[in-house]
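Trainee: I have a model open and would like to go through it with you. Could we start with how far to trust it, and then look at the parts one by one?

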Amino acid sequence: MSLSQAEEGGLCQAAPKDNTQDLFDSSTQAEATVKAPEGQVKVSPVVDEVSPSSASSFEMLDMESVPAPYQEVQPHWFFCRRADDDTSWLPFSREDSDKLENACNSIGDEEEDVVVAVDGERYDVRVKERMRYAVYWEQAPTEVRRCTWFYKGDKDTKFMPYSEDFSKNLEDAYMIAVTLDEWKRKLDFPTGETVILHNPKLIMQYQPIGMQDDWVSSPSEQTRPRTVKRGVDNVFVEIPDGESEKVDHLVFMVHGIGPACDLRFRSIIQCVNDFRSASLSLLASHYKRAQQDGQVGRVEFLPVNWHSALHGDATGVDEDIQRITLPSISRLRHFTNDTLLDLFFYNSPTYCQTIVDTVASEINRLHALFQQRHPEFNGAVSVVGHSLGSLILFDLLTNQRNGSQVREGVPSGELCNLNCGTLEQTLNRLGLQQYLETLQAENLDIESLALCQDSDLKDLGIPLGPRKKILNYVRRKWLPEVRQDCKTEALRPALGLQVPPQTAGENDGNQSSRATPQQSQFHRTQSVTSAVDYEYFDVGIGQTNGGIAKGQVSIDYPQLAFQPQTFFAFGSPIGMFLTVRGLKRIDPNYTFPTCKRFYNIYHPYDPVAYRIEPMIVSDVDVEPMLIPHHKGRKRMHLELKDSLTRMSMDLKNNVLGSLRTAWQSFARLPVAALPPVDEGESSIESNIQETQGVCEEAESSVSAEQTEQPEIKMGMLNEGRRIDYVLQEKPIESFNEYLFAIQSHLCYWESEDTALLLLKEIYDKLGVAFEQPQQ
């Protein structure tokens, strides 16, 4: 007992002896300093009084351990993300980090900067500049850092990386401590911060006292320490998996009204990032074997933003709306102006063309840029629209022209029919006189202006709003005779539209020869309360023949640079808009000219979503297709609901069966118990047989209800397959559908069930087998 106490006492006195020896050694050695851009960092020994209870347990454990040789720290690259007042540092994948590290080591001080593509080539990093730039969308550059040392305070939830210069000073001091096996070293930085290296496992940083609150008197509270860690492997951070360089499919995603796409008020860029991450996780779990065999790469999702172009300075619409907005309930009115007004803008004769042109031009720009950065890509392209974005895509795809319908161009000689006066008169008519000198400086007259594209006028410095006005005016005045003939004669039979009564006899022959089942489009019936004959033209807002529908004008739909494989609509009001436009029924033979597949996906509680199938098959009430859960089963509450339904049906069958047995037993009564044979016997037997027959018919109809589900043809809009697909609501959502209505309209971006449906559609077309993971 005394021996153990003596040994313990010897261990307790050993630490002060070592500290005293360090102090003597420090008086005979020159103080070590590490030079950095901020100034000089002073390295000196330290006594235990600086941290009274800092690391006694660690020191006791490590006293007799053999010091490990120094190994250089492995860096990992991070990028900064700033949201409101929050700043966070996120790691690159190991593949991207290795590419950045190799590029950093290969360039010299005087060489030009090296650009490294990261995050699936959606971002470019300029290594020397240490900045990360978005490729496909507008986003402020973010800082990039080569990280080796990290810190975390008492109230912090995760580790933050030090700056590269600060980390270098720490690494130099750590290397000296490990090499000489000398710990309890103190680093004093010019900023007043102090870092103490107690041992390899315990390194603390102390803030300068002047930075603490004045009312704090306790020294321990004044110097709240930070935990310091070396290397990314010693901090709790989730490093993402790298993305495959092989892209199997490209998807463009168009947002709906407003700048925010979910309840957290995130942009379309952030929401698409979440959807892409969900698809990558599902690929790893549901296509694991195909990924290992190299059959599956990944699907790239790119956001299409049109809201900023509409509400930007070029159109000036926000300023005009703000001048007439009432000052009361300002926040609600601002929300209305920024979101709900997009619905009115799309039905506006002025801004509908701007919205459609922006969506089409942005999709074409992204497609060309993607092809430029992925020259080896030979996959198909699909489009996704959410809310109003799905209606924009629907109208856009409805007015696409296939190869036989594309007009390559009009000879310049035909421009003589452009009856809109001189260039000066045209600009005066549009209220754009200030751009006359700009156009005349380029020797542009009215004929050459008709040949200009949007990009040409943009290069001249003309803003978006005036550009759209000029181009729209020139197009509307261009070849009025040909345009009118195209819209009133050629398009009507080509689209399978009803011919007005006064011209029906004249065009019967031409219509029968030119119309085909594939070109047949929409059937309209006469309105009961109005004599207006609503007919569909190549407009997305329901323009009627001859301009009868006031306030709705014909617009020119631009053409996409590719033919989409599939069109996915999320929470779409397409059905409602088509009905409001006067459309009663969609011809089962109609299909988009350039897109052969269409899926209408919605949440059962989505207040904005409407169905499409009842407009194609109106005589049959068919339920939508239930989207399977990504884990391969129905949700528990839905399974319980189905089980109760089956139980009620079984109970009904049992009751009917018992009734039939009772009647059969009654029919087989003993002869002695029966009354004498008379005229009423035949009627009794017939009544029994009729009742038995009714029971058998009822039972057979119930069983047929359970087993027979006749296959219904849904037309050619989705190649004869089902169109409407409904998500399974969550258990908590089923308690109050009104409470979760708004959230249901915004749930698609984070829905794994929706992402899996898209992946199954894409990879089924490629012949890749889907595998359900084992639970």
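Trainee: What does the protein average in pLDDT?
Mentor: This is a predicted model, and the protein averages a pLDDT of 74, with 66% of the residues scoring at least 70; pLDDT is the predictor's confidence in each residue, from 0 to 100. Local features need pLDDT of at least 70 and side-chain atom pairs count only at pLDDT 80 or more, whereas totals for chains, interfaces and linings use all residues. Residues are numbered from 1 along each chain as its sequence is written, and side-chain values use heavy atoms, with hydrogens and water left out.

Trainee: Where does pLDDT stay under 50?
Mentor: One such stretch is residues 1-38, for which the model has 28 contacts beyond four places in sequence, a contact being heavy atoms within 4.5 Å. Over residues 212-222 the pLDDT is also below 50, and that stretch has 7 contacts in the model beyond near neighbours in sequence. Where pLDDT is low, the predicted coordinates should not be read in detail.

Trainee: OK, on to the sheet. In what order do the strands come?
Mentor: The open sheet is formed by 6 strands in the order β4-β3-β8-β7-β6-β5, with antiparallel pairing; strands (E, at least two residues) and helices (H or I, at least four) are DSSP runs, numbered from the N terminus, and two strands pair if DSSP finds at least two bridges between them. At the edges are β4 (86-91) and β5 (115-118), each of which pairs on one side only. Neighbouring strands are turned by 30° against each other on average, direction ignored, where axes are lines fitted to C-alpha atoms, for helices over the stretch in contact, and angles run from 0 to 180 degrees between N-to-C directions.

Trainee: How many bridges hold β5 and β6 together?
Mentor: β5 and β6 (residues 123-126) pair over 4 bridges in the antiparallel sense, and V116 stands opposite V125 in β6. β6 also pairs antiparallel with β7 (residues 131-134) over 4 bridges, with M131 in β7 as the bridge partner of R126.

Trainee: And the turn between β6 and β7, which residue there has a positive phi?
Mentor: That is R130, with a phi of about 60°, in a hairpin that has 4 residues between the two strands. On the way to β8, 2 bridges join β7 to that antiparallel strand, and there M131 has E143 as its bridge partner.

Trainee: Which helix lies across β3, β5, β6 and β8?
Mentor: Helix α3 (residues 94-106) does, running at about 175° to β5.

Trainee: Switching to α10, where is its kink centred?
Mentor: The kink in α10 is centred on L340 and amounts to about 40°, the bend at a residue being the angle between axes fitted to the seven residues ending there and the seven starting there. α10 (residues 330-346) has 17 residues and reaches 24 Å from its first C-alpha to its last, close to the 24 Å expected at 1.5 Å a residue, that span being 1.5 Å times one less than the number of residues.

Trainee: What covers the buried residues of α10?
Mentor: The cover includes α8 (307-310), α9 (317-324), α11 (352-373) and α12 (388-398).

Trainee: Why does N337 count as buried?
Mentor: N337 counts as buried because its relative accessibility is 18%, and buried means under 20% relative accessible area, exposed over 50%, partly exposed in between (1.4 Å probe, protein chains only). Leaving aside neighbours within four places in sequence, N337 is in contact with H311, I321, Q322 and T325.

Trainee: And why is N273 partly exposed?
Mentor: N273, found in helix α6 (residues 268-286), counts as partly exposed because its relative accessibility is 21%.
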